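Notebook open. I went through the model for a loop residue, a strand residue and a helix pair.

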Amino acid sequence: MKIQDLLRKEVMILDLKATSKEAAIDEMITSLVEHGVVTDFDTFKQGIMNREAQTSTGLGDGIAMPHSKNAAVKEATVLFAKSAAGVDYEALDGQPTYLFFMIAAPDGANDTHLAALAELSKYLLKDGFANKLRQVTTADEVIATFNAAEEDNKAQEVAKAAPVSDDKPLIVAVTACTTGIAHTYMAEEALIKQGDEMGVTVRVETNGASGVGNRLTADEIARAKGVIVAADKAVEMARFDGKPLVSRPVADGIKKTEELINIILDGKAETYKASAESAVESKESGEKLSLGAAFYKHLMSGVSQMLPFVIGGGIMIALAFLIDNILGVPKDQLSNLGTYHQAAAYFKTIGNAAFGFMLPILAGYIAYSIAEKPGLVAGFVAGAIASGGFAWGNLEGTPSGFLGALVGGFLAGWLVNLVKKACSGLPRSLEGIKSILLYPLLGVFLTGFVMLFVNIPMAAINTGLNNFLGSLQGASAVLLGAILGGMMAIDMGGPFNKAAYVFGTGTLAASVATGGSVAMASVMAGGMVPPLAVFVATLLFKNKFTEEERNSGLTNIIMGLSFITEGAIPFGAADPARAIPSFMVGSAVAGGLVGAFGIKLMAPHGGIFVIALTSAPILYLVFVIIGAIVAGLLFGALKKAK
């Protein structure tokens with residue numbers, strides 16, 4: 001969306017008179033009412049004040065973004081207001097606020113207010129943009145400032161895609177993380193920036209949540225001195241056949257950029273050899289993956305494809321429970337919570353449909369990562385059997401759940417690879433029939449037969465684990481919550497973080513129908529703490545951070561509230577001995593408190609945007625803030641002054 005489409009000139013206030021927070025809010029709402037955007041002053045103000053009660057929308061650095069999705073709003077609008085004297089808006093940095101963006105979104109407008117917040121943040125966090133807005137004197141200048149910034153963004157995108165000159169060495173790279181939200185783009189930025197400093201052109205293709213960006217051309221690959229793959233999941237590799245290539249986790253693309261570029265420049269990268277039939281590979285270039293590294297890579301490939309189904313389906317199911325809770329369900333009908341009212345039942349039907357794909361997708365793409373396309377069908381079958389159980393004679397099958405799908409995905413991939421090897425000696429005339437008939441038929445047969453035996457022990461383990469988690473109370477729940485929370489902060493997106501997240505997601509599959517998972521709630525709380533701790537530390541210990549770090553601390557508010565732990569990586573990488581232990585303690589405190597009070601979460605992602613889907617929203621937010629303060633104080637106290 002373009003923010004200029006929501007910025008209406010007639011409602012702008014370029015000389016805000018108010019000096020207090022509530023007076024400023026009243027003045028802005030009055031302008032919205034007078035121009036027909038808002039139909040009821042009190043209703044809209046109540047929505048704004050309810051949001052402010054959660055936490056101030058004064059983000060710091062002189063900027064505030066009050067917002068409400070409200071029945072009194074006729075048309076989605078962003079009101080821009082500017083104060084010359086500054087307003088005591090109770091901003092997060094304690095400083096006066098000069099620039100205001102009041103976002104008014106009508107009920108039923110999907111996530112217009114969230115999209116507007118994200119779009120505004122993209123502009124306001126750019127160096128110098130806020131200062132330009134402080135100088136404007138007319139509504140046209142406001143729009144022109146945004147238009148100029150948009151053109152600048154487009155120019156940067158064009159520059160990324162522009163033909164590469166021959167004046168300096170060219171290296172091509174691919175970045176990809178499991179969720180495709182943060183690491184992917186942070187690695188892209190780091191590689192390009194480091195390349196500029198070293199006099200090297202680095203062209204980066206991103207494999208993010210929204211798809212492939214800046215796709216590498218055949219000409220660029222041919223001209224490149226080498227290839228850097230910084231990825232935690234399978235990416236398209238066959239095109240790099242014969243090129244010097246170094247493949248590392250995406251975290252190395254952020255923290256070890258100079259080392260990766262030098263490996264290519266110094267000619268130390270192994271030449272990559274693609275398999276004859278592979279379009280997508282997950283092997284390391286020139287060297288065999290260790291067993292642990294291979295397991296992690298294949299698992300993350302499955303998890304990254306599974307997440308959208310879990311998130312979409314899980315939140316829809318959670319909303320079904322929320323609707324029934326709001327509308328009310330008689331005590332004798334509590335067993336029908338989530339389906340009692342027609343509206344709730346509709347949400348739950350959609351959620352169940354999406355959530356039902358979770359295990360087949362997980363197993364299918366683990367197998368795909370191991371055996372490429374032929375492994376996909378066998379993996380889907382393994383996941384479906386794990387989800388539905390395997391009946392035998394008069395015995396009714398018991399689903400083996402997340403663990404069964406995980407094991408089934410690996411077995412399916414390995415079995416299909418065995419089938420491929422067994423068929424490698426067939427006459428060349430039968431080459432076409434292998435992928436069409438033999439691989440899927442034999443792969444499905446062998447996988448299904450093996451799952452008959454795997455499903456029984458995996459179902460017992462899965463049931464035992466779920467019963468154990470359901471029985472956790474007191475000290476044991478605190479310990480589990482603290483461990484999961486602490487793991488989220490050890491490497492902030494690396495293997496430990498992902499292991500905790502995968503565990504939490506697995507427990508969600510069995511508990512979403514009964515109100516959610518305490519383990520998942522502890523995981524998300526722990527993951528929100530590090531970026532928020534960075535903000536606390538940079539706010540309270542300003543003399544220990546550079547101006548650039550303090551500005552980055554403000555952006556970490558958004559990262560932390562959105563459950564993007566990766567926002568704290570630059571601070572952890574710059575000072576790991578002090579930052580990481582501090583983050584771990586704060587995250588463990590938050591996770592332990594969540595476990596102690598048995599707070600459940602029904603959504604696997606979303607941060608503050610899904611806070612209403614926890615069993616105790618206010619208490620949950622308090623525990624996250626406590627963890628952030630503990631970690632921030634520790635980090636600030638341990639860090640040396642600049």
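I take helices (H or I, at least four residues) and strands (E, at least two) as DSSP runs, numbered from the N terminus. The model is predicted: local features need pLDDT of at least 70, side-chain atom pairs count only at pLDDT 80 or more, and totals for chains, interfaces and linings use all residues. Residues are numbered from 1 along each chain as its sequence is written, and side-chain values use heavy atoms, without hydrogens and water.

**Glu 90.** I found Glu 90 in the loop between S4 and strand S5 (97–106). Glu 90 is not a glycine, yet its phi is positive, about 60 degrees. I looked up its relative accessibility: 54%, so Glu 90 counts as exposed (over 50%; buried is under 20%, partly exposed in between; 1.4 Å probe, protein chains only).

**Thr 77.** I placed Thr 77 in strand S4 (residues 77–87). Its relative accessibility is 1%, so Thr 77 counts as buried. A polar atom of its side chain lies 3.0 Å from the backbone oxygen of Glu 75. Beyond neighbours within four places in sequence, I noted its contacts (heavy atoms within 4.5 Å), among them Leu 6, Val 37 and Ile 103.

**H12 and H14.** How far apart are the axes of helix H12 and helix H14? I read 8 Å for H12 (residues 358–371) and H14 (residues 401–422), with a packing angle of about 30 degrees. Axes are lines fitted to C-alpha atoms over the stretch in contact, and angles run from 0 to 180 degrees between N-to-C directions. H12 and H14 are therefore roughly parallel (under 35 degrees). Leu 362 and Ile 366 of H12 are among the contact residues, as are Phe 402 and Trp 414 of H14.

Methods: Angles under 35 degrees count as roughly parallel, over 145 as roughly antiparallel, 65 to 115 as roughly perpendicular and the rest as oblique. A polar contact is a pair of N or O atoms within 3.5 Å; within protein, one must be able to donate a hydrogen and the other to accept it, and residues adjacent in sequence count only if both atoms are side-chain atoms.
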